[in-house]
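Please keep the sequence and the structure in view while reading.

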Amino acid sequence: MILGEETGKRFYQNEFSNCHGYLRLVNYTPPQDVEKQEELVEGLGMHTDMSCITIVYQDSVGGLQMRSKEGKWIDINPGDDLLVVNIGDLMQAWSNGRLRSSEHRVVLRKLVNRVSLGFFLCFEDEKVILAPQEILGEGNCRRYKSFKCSEYLKFRQSNEVGKFERIGYTVKDFAGLTLPEHDDP
Ligand SMILES: O=C(O)CCC(=O)C(=O)O
Ligand SMILES: [Fe+2]
């Protein structure tokens, strides 16, 4: 793992022991007339998850796509024994951007119902997120200011109404610090 093998053990007690998780079961009804649609039908528009990590099971219909760093959509094919593990926004900020919150979406290509089950592991609402010095590494700039978890959730909820398909409401928009130009990857 990018952060090092021992990281989990070292930080679990102080940072992650009060995390909570929730499950979301989503039933996507089929698009009306998928053949006639010129545009791709999005069951769930591009977004990042507001979690530390998310574990997703999708049924055999498929449709989950991840966006690569270059902006290319990649199909994540389903499989009976496959779970998808996503990094979420809270982990991106906590890791000072060393772990990237994945941009993903769900496209509907078939005229059948689709079901997915997601498990979202999140920091407690009151937690103030700030990358520990050890994660930051010596000489590296801090890329995120500290913020209370619940404040970010509120920011996302108020900005997402009617604009779910738009990116621009990420943790970087909320808490990202402007770095000297040569430092911004
Ligand atoms: O339905 C899926 O496969 C993914 C769902 C998802 O991304 C979400 O609920 O945040
Ligand atoms: Fe998601």
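## Terms and basis

A residue counts as buried under 20% relative accessible area, as exposed over 50%, and as partly exposed in between (1.4 Å probe, protein chains only). By this criterion His104 is buried, at 4% relative accessibility.

The model is predicted: local features need pLDDT of at least 70, side-chain atom pairs count only at pLDDT 80 or more, and totals for chains, interfaces and linings use all residues. Residues are numbered from 1 along each chain as its sequence is written, chains are lettered from A and ligands numbered from 1 in the order in which they are written, and side-chain values use heavy atoms, with hydrogens and water left out.

## Iron site

His47 (NE2), Asp49 (OD) and His104 (NE2) coordinate the iron ion (ligand 2) at 2.1 to 2.2 Å. Donors are N, O and S atoms within 2.8 Å of the metal (3.2 Å for Na, K and Ca); water is not among the atoms, so sites may look incomplete. The donor residues follow the spacing H-x1-D-x54-H in sequence. Distant parts of the chain are linked by the pair His47, in strand β2 (residues 42–47), and His104, in strand β7 (residues 104–107), which are 57 residues apart. Helices (H or I, at least four residues) and strands (E, at least two) are DSSP runs, numbered from the N terminus. His47 is also buried, with a relative accessible area of 7%.

## Nonpolar cores

The largest nonpolar core has 22 residues, and Phe16, Leu90, Trp94, Phe123, Ile129 and Phe147 have the most contacts inside it. Such a core is a set of buried Ala, Val, Leu, Ile, Met, Phe, Trp, Tyr and Cys residues joined through side-chain atoms within 4.5 Å. Two or more residues each come from α1 (7–16), α2 (89–94), β8 (114–122), α4 (149–160) and α5 (171–175). The largest share, four residues, belongs to α2. Apart from this core lies another, of eight residues, including Tyr28, Val41, Leu64 and Val84.

Beyond its neighbours within four places in sequence, Phe147 is in contact (heavy atoms within 4.5 Å) with residues including Leu90, Ile129, Tyr152 and Phe174.

## Asn96

Asn96 lies in the loop between α2 and β7. Its phi is near 60 degrees, a positive value in a residue other than glycine. Most residues other than glycine have a negative phi. Asn96 is buried, at 5% relative accessibility.
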